[in-house]
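This briefing covers the fold, the packing and a few individual residues of one protein model. Please read it alongside the sequence and the coordinates.

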Amino acid sequence: MNHIVINSRDQLLRLEISKIVYFEADGNYTKVVMANKLKSVLPLCLSNMEKALSTQLGEEATTFMRVGKRFIINRRYIYDVNISKQHLVLTDFSLFAFQLPISKAALKSIKAYLSHSME
């Protein structure tokens, strides 16, 4: 499956997995940011968004990684993990570069994951 569908009372969104850069918690809602910089607000909290990804995508859900309480990121776009500056840069090297404020603990876990996956 290369799409996830979010269906609510008033809206249906069909999101292409490879174009999703990150999800960000916004109270009881989740903001999704796409590679073309289009942003949408989804009527799900971030933990329910995480469950929807897992349910709809199965094994492909590993494309995404929960980072702290606030973000779910697309692993494919990780570019810079900077622990001292407490930010993470996600980019495709042509259309976008997003810098996200992330806690040191969460950045350390991302760095450890990436270091381990490269071995």
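**Surface and overall fold**

The accessible surface of the protein is about 7,100 Å², and carbon and sulfur atoms hold 50% of that area; accessible areas come from the Shrake-Rupley method with a 1.4 Å probe, and for residues only the protein chains shown count as cover. This is a predicted model, in which local features need pLDDT of at least 70 and side-chain atom pairs count only at pLDDT 80 or more, while totals for chains, interfaces and linings use all residues. Residues are numbered from 1 along each chain as its sequence is written, and side-chain values use heavy atoms, with hydrogens and water left out.

**Architecture**

- The protein contains two helices and 10 strands, where helices (H or I, at least four residues) and strands (E, at least two) are DSSP runs numbered from the N terminus.
- Read from the N terminus, the order of elements is β-β-β-β-β-α-β-β-β-β-β-α.
- The protein is as compact as a globular protein of its length, because its radius of gyration of 14 Å is close to the 14 Å that the globule rule gives for 119 residues; the radius is taken over C-alpha atoms, and the rule is 2.2 Å times the number of residues to the power 0.38.
- The C-alpha trace spans about 45 × 30 × 30 Å along its principal axes.

**Burial, contacts and charge**

- Of the 119 residues, 40% are buried (buried means under 20% relative accessible area, exposed over 50%, partly exposed in between, with a 1.4 Å probe and protein chains only).
- Among contacts (heavy atoms within 4.5 Å) between residues at least 6 apart in sequence, 39% join residues at least 24 apart.
- There are 16 positive and 10 negative side chains, and the centres of the two sets lie 6 Å apart.
- In that count Lys and Arg are positive and Asp and Glu negative, with His and the chain ends not counted; each charge is placed at NZ of Lys, CZ of Arg, CG of Asp or CD of Glu.

**Nonpolar cores**

- The largest nonpolar core has 20 residues, and those with the most contacts inside it are Y22, I73, L88, L90 and I110; such a core is a set of buried Ala, Val, Leu, Ile, Met, Phe, Trp, Tyr and Cys residues joined through side-chain atoms within 4.5 Å.
- Elements giving two or more residues to this core include β3 (20-26), β9 (87-91) and α2 (104-117).
- The largest contribution comes from α2, with three residues.
- Not counting residues up to four places away in sequence, I110 touches M65, V67, I73, I78, V81 and L88.
- A second, separate core of 18 residues includes I20, M34, A52 and I72.

**Individual residues**

- I6 lies in strand β1 (residues 3-7) and is buried, with a relative accessible area of 6%.
- Beyond its neighbours within four places in sequence, I6 contacts Q11, L12, L13, L15, L42, P43, L44 and M49.
- The C-alpha atoms of I6 and P43 are separated by 8.7 Å, although these residues are 37 apart along the chain.
- N82, in strand β8, counts as buried at 17% relative accessibility.
- Setting aside residues up to four places away in sequence, N82 touches H87 and L107.

**Backbone exceptions**

- Most residues other than glycine have a negative phi.
- K37, in the loop between β4 (29-34) and β5 (39-42), has a positive phi near 75°.
- F93, in the loop between β9 and β10, has a positive phi near 70° and is exposed, with a relative accessible area of 62%.
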